Amino acid sequence: MTKQKITSLNNTLCQFYALEPDFFQAVVSLANEVHGEGYLTLNSLTSMVAKGRLAGKNASYVAVLENKVVAYRLSFAAGQWQPDEWCNVASWPVPVTVMAYFKSVAVSPSLQGYGIGQALLQQSIRVLKQQGAAAGLAHLWRESPNNSAVRYFSKAGGKLIAIHQNRWQHLSAEGYACPRCDTVCYCSAAEMALIF
């Protein structure tokens, strides 16, 4: 398959839908395939999707190709999440009250590079703006293959705020198996912000 626009993958349209419970099991499976076993559970996903709902709108999306979930984007509405020790709030370009959060994204490995991740990001941004957000924050996996996570977010206009070493190490104790590090995760995160 040659790389083409997402509207023409094997002459089949990729459809985008708000992330609702019918898609949850497929999203958990895809997330754990791409990010490592234990990355998502049905319970954690349910909680995360709730943080993206505001004013009757859902900022989290899935991409479906030939009746199969091939990608997802989890996004939290401004005011629906709390900054933690990995957030440099003083360096953010907007106040915390209007900062959304891009929690997670994954695209099926065979479909990476076709623009599906960017399309999902734009779907989420459209809704986040309707919910009142002025920007979105993300902690991007710097050790992703070819640093694709940071490149993807930078391409959309994301700006670096800080680098956080061992960002996900604490999750190793909770059963998360990093696909790069395995038992104990030593991966770092790029804290980045994208102004809408």
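The model is predicted, and local features are described where pLDDT is at least 70, side-chain atom pairs counting only at pLDDT 80 or more, whereas totals for chains, interfaces and linings use all residues. Residues are numbered from 1 along each chain as its sequence is written, and side-chain values use heavy atoms, with hydrogens and water left out.

**The sheet**

Begin by colouring the strands, which, like the helices, are DSSP runs numbered from the N terminus (E, at least two residues, for strands; H or I, at least four residues, for helices). Seven of the strands make an open sheet of mixed pairing, ordered S1-S4-S5-S6-S7-S9-S8, where two strands pair if DSSP finds at least two bridges between them. Its edges are strand S1 (15-18) and strand S8 (159-164), each of which pairs on one side only. From one strand to the next the twist averages 25°, an angle taken between axes that are lines fitted to C-alpha atoms (for helices over the stretch in contact), in N-to-C directions and on a range from 0 to 180 degrees.

Now select S1 together with S4, which run antiparallel and are joined by four bridges.

Next, select helix H1 (residues 24-35), whose twelve residues reach 16 Å from the first C-alpha to the last, close to the 16 Å expected at 1.5 Å a residue; the expected span is 1.5 Å times one less than the number of residues. Showing its side chains brings up Phe24, Val27, Val28, Leu30, Ala31, Asn32, Val34 and His35, which are buried, a term that means under 20% relative accessible area, with exposed over 50% and partly exposed in between (1.4 Å probe, protein chains only). The cover over these buried residues includes helix H2 (42-51), S4, S5 and S6, contact being heavy atoms within 4.5 Å. Just after H1, stop at Gly36, where phi is positive at about 115°. Then move to H2, which lies across S5 and S6 and runs at about 55° to S5.

**Ser104 in strand S6**

Select Ser104, which is placed in strand S6 and counts as buried at 4% relative accessibility. Leaving aside residues up to four places away in sequence, Ser104 touches His35, Tyr39, Tyr72, Arg73 and Leu74.

**The aromatic cluster**

Select Phe76, Trp81, Trp92 and Tyr101, which ring pairs link into a cluster. The structure holds six aromatic pairs, and rings of Phe, Tyr and Trp (its six-membered ring) pair if their centres lie within 6.5 Å, with planes under 30 degrees apart counted as stacked, over 60 as edge-to-face and the rest as tilted. Phe76 and Tyr101 form a tilted pair, at 5.9 Å centre to centre and 35° between the planes. Phe76 belongs to strand S5 (residues 68-76) and Tyr101 to strand S6 (residues 99-107), so this pair ties together parts that are 25 residues apart in sequence. Phe76 counts as buried at 5% relative accessibility, and Tyr101 counts as buried at 7%.

Keep Tyr101 selected and turn to Trp81: their ring centres are 4.8 Å apart and their planes lie at 35°, so this pair too is tilted. Trp81 sits in the loop between S5 and S6 while Tyr101 is in strand S6, and the pair thus links distant parts of the chain, 20 residues apart.

**The nonpolar cores**

A nonpolar core is a set of buried Ala, Val, Leu, Ile, Met, Phe, Trp, Tyr and Cys residues joined through side-chain atoms within 4.5 Å. In the largest one, of 29 residues, select Phe102, Ile116 and Phe153, which touch the most other members. Elements giving two or more residues to this core include helix H3 (116-130), strand S7 (135-141), helix H4 (148-155) and strand S9 (189-195). H3 supplies the largest share, six residues. A second, separate core has 27 residues, among them Ala31, Leu45, Phe76 and Trp92.

**Two loop residues**

Finish with two loop positions. Ala55, in the loop between strand S2 (53-54) and strand S3 (57-58), has phi near 55°, a positive value in a residue other than glycine, and is exposed with a relative accessible area of 65%. Glu66, in the loop between S4 and S5, has phi near 50°, a positive value in a residue other than glycine, and counts as exposed at 56% relative accessibility.
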